[in-house]
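Trainee: Could you walk me through this model, one feature at a time? I would like to begin with its pockets.

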Amino acid sequence: MSSTPLAAVPSVHRAAPVFRGRIGRDARSGHYAVAHRYRLHLSTACPDGLRLAVGHDVLGLGDRCPVTLLPAVPDRPGGGHAALRPLYEASAHHYTGPALAPVLSDDWSGRIVSTRAREILRDLDRFPHAGHASLYPCGQESVIEAVEGMCDDIEEAAQRAGQAGGDPDGRAAALDVLLDTLGRLENRLAGEEYLVDDRLTAADVELWVTLVQLDTVHRCHLDASAVHRIAGHRALWAWARRLAARPAFGRHLDLDGISRRHHGRCQGLEAAGAAVQILDWAAHAADAEDASRR
């Protein structure tokens with residue numbers, strides 16, 4: 001394994017979600033990991049939804065935790081989904097906020113367990129895996145959390161680097177942060193198949209979705225020179241390409257949905273980087289579909 005350290009880095013501060021229930025290993029938690037009790041509601045055009053769809057597939061949960069797919073573009077103000085409104089109203093008295101995805105719901109009670117994607121994935125990992133390895137191997141939690149923090153930094157830096165009308169020095173500094181973070185991950189993956197523990201973990205799911213977002217959304221607001229520098233991390237993008245060809249990853253790519261969701265909510269200006277696609281995601285998704293049929 002490469003010795004390149006993955007030190008924890010400051011992460012993006014996100015608004016506290018409304019629902020943060022957890023699935024425990026026994027009934028004392030209020031929710032316990034039992035098949036056919038819980039349901040995921042998600043859109044794979046949303047990064048958090050894509051992470052959960054991939055993780056759910058990797059874990060082989062199938063109908064033990066069914067998935068309800070939502071439209072790529074939310075149909076209610078504030079990014080909410082009309083289909084989720086009954087769940088929100090059943091779970092919080094006089095709830096007036098948007099009915100956001102993703103959601104993990106409890107079919108027994110008809111209420112929401114959690115809206116926090118990373119905690120949901122950790123809880124899905126507690127279900128019996130039927131031969132599938134854990135996404136959070138024992139002793140590797142701190143390394144996975146470090147990767148999560150680095151992915152947050154990539155997302156934040158890419159947004160700032162592509163901000164229209166912003167301070168040029170600020171955009172340049174953000175691009176430096178982005179390239180530095182990608183460089184550390186590039187060094188980690190040089191000669192390695194996975195990020196952690198020589199096997200597929202939640203860290204790989206997290207980074208792969210971050211790179212999908214970087215290439216399909218954020219590059220549209222960067223100049224061509226910046227995108228070429230990002231694409232220069234060859235080990236990183238070769239790793240992303242290999243995972244995209246796997247059915248558990250590539251078949252969940254809704255490229256049209258990602259584009260429609262982006263254009264439906266983005267206020268920024270398109271830049272020259274929009275023409276510099278790093279990976280042919282559509283081709284790799286097709287390869288994943290072919291592999292799943294064999």
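Predicted model: local features only at pLDDT ≥ 70, side-chain atom pairs only at ≥ 80, totals over all residues.

Trainee: What is a pocket here, and which residues count as lining?

Mentor: Rolling a probe the size of a water molecule over the atoms shows where empty space is left. On a 1 Å grid over the protein atoms alone, a pocket is an open set of points where a 1.4 Å probe fits, with protein on both sides within 12 Å along at least five of seven lines; lining residues have an atom within 4 Å of a point. The second largest pocket holds about 200 Å³ of space, a volume being the space filled by probe spheres set on the points, which are joined across faces, edges and corners.

Trainee: Which helix gives the most to the lining of the second largest pocket?

Mentor: Helix 5 (residues 168-189), with four residues. Helices (H or I, at least four residues) and strands (E, at least two) are DSSP runs, numbered from the N terminus.

Trainee: How many helices and strands does the protein have?

Mentor: Eleven helices and four strands.

Trainee: In what order do the strands form the sheet?

Mentor: Strands pair if DSSP finds at least two bridges between them. Here the order is 2-1-3-4, in an open sheet with mixed pairing. Strand 2 (67-69) and strand 4 (111-114) are the edge strands, each pairing on one side only.

Trainee: How do strand 1 and strand 3 run?

Mentor: Strand 1 (residues 38-42) and strand 3 (residues 103-106) run antiparallel, joined by four bridges. H41 stands opposite V103 in strand 3.

Trainee: And how many bridges join strand 3 to strand 4?

Mentor: Three, and these strands also run antiparallel. L104 has S114 in strand 4 as its bridge partner. Strand 3 and strand 4 form a hairpin with four residues between them, and G110 in the turn has a positive phi of about 75 degrees.

Trainee: What are the spans of the C-alpha trace along its principal axes?

Mentor: About 55 × 45 × 40 Å.

Technical notes
Residues numbered from 1 in each chain as written. Heavy atoms only, no water.
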